[in-house]
Amino acid sequence: MEPLDWLKQRKSCGLLRSLHPLKRAVGGGVFSLADSRSLVDFSSNDYLALSHHPAVVESGLKYLKKYGTGAGAARLMSGDCDYHHELERAIARYKGKAAALLFGNGYMANAGIIPALVGRHDVIFSDRLNHASIVDGCQLSGAKTWRFRHNDMAHLQELLQEKRGDGRALVIVESLYSMDGDRAPLGELVRLKQQFDCVLLVDEAHATGLFGATGSGLVEEAGVTAEVELVMGTFGKGLGSYGAYVAADSVWIDFLMNRARSFIYSTALPPAVIGASLGALKVVQTEPRLAGDLRRKTLFLESCFAKEGIVLGSGSQIVPLMIGESDRAMRIAGELRQQGFYVTAVRPPTVPENTARLRFSVTLHQSDEELLGLARAVSALFHE
Ligand SMILES: Cc1ncc(COP(=O)(O)O)c(C=O)c1O
């Protein structure tokens, strides 16, 4: 199909994607350049508002001034700088692992790690709602991939019994699902991966900084740090910076350093980003009240919705409201925008057909008045 016809077809089904330029102010408010409107952002993953935390900004600036704007080369060329190792040591410690490896971002991490771990003689068991970067990593690997029903351990067990084979078997889940905000049953996953001799890779993109005694994530909270071989995550969400990591024992990290093509063939992360990530790691460990504040805000939003007769509650800061049809979700999101709320309608192919939803992301940028205002505005449109 010609590109123009394809675009027209997408538009007619309410599936056309487009960009909406924003100005982002200190304090987290956003201003839409398209319609000169101030908006409260319910789409950001900057959960702890660390992208504007003075200590994080200061740390980024310090590294920028000290080391310049770029690393200049890939790590395996001359781009391997002391500050990369400083961040790898810090994130490994935080995650309770011996070592870590940085990647350009979370997409590159998954697209690099998975094909490094398994190939065409191996097999992958991947949750059906795993992020696109995991789906693409699986495809790139050439390994036979079996997708189990979301969080359905009986289905996973059935597939493991039938399809495990003799090669390496990799099980991949997100600890906190990006579109539904629910958690993987990590204890049960560990039991199955041990029973069937698999390697377990857990994506903590949306959990890092928010859960567990030290805030390192749901793997820590579930008490399975030692049993999960590979924990990956990104600095671009709860930690308010950019880039990604995988933490594991030293053998896995050396293995990935030698095999992950998105690590080998890409310029190392720049100093300002490393400085910001180091600053963010310090903040989440010295200010654990931030994660508690976020939980309280989430419960407050859910209570506001409950008063409007809408029962929500994923158990996390990602709060989805199921709508169903894409164009209805788009229409409600558009109306909310008119009323000053920036809410994303998440549609297929990001989520399964007929499960278009509004995804409210709670962050410390939002005030209680704004949360209450959102619940009232959504209720009026939802019950229309
Ligand atoms: C579960 C999950 N993994 C990986 C990524 C990719 O991370 P990044 O935005 O750093 O590329 C995302 C981002 O949306 C995600 O939700």
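How much space lies in the second largest cavity?

Modeller: About 40 Å³ of space lies in the second largest cavity. This is a predicted model: local features need pLDDT of at least 70, side-chain atom pairs count only at pLDDT 80 or more, and totals for chains, interfaces and linings use all residues. Residues are numbered from 1 along each chain as its sequence is written, and side-chain values use heavy atoms, with hydrogens and water left out.

A cavity is a set of points, on a 1 Å grid over the protein atoms alone, where a 1.4 Å probe fits but cannot get out. Points are joined across faces, edges and corners, and a volume is the space filled by probe spheres set on them. Lining residues have an atom within 4 Å of a point.

Lys-95, Glu-204, Ser-216, Val-219, Glu-220, Thr-225 and Val-231 line the second largest cavity. By class, that lining has three charged residues (Asp, Glu, Lys, Arg), two nonpolar (Ala, Val, Leu, Ile, Met, Phe, Trp, Tyr, Cys, Pro) and two polar (the others, Gly among them).

The count is two cavities of 30 Å³ or more. The lining of the largest cavity divides into five nonpolar, five polar and one charged.

Terms used: On a 1 Å grid over the protein atoms alone, a cavity is a set of points where a 1.4 Å probe fits but cannot get out, and a pocket is an open set with protein on both sides within 12 Å along at least five of seven lines; lining residues have an atom within 4 Å of a point.
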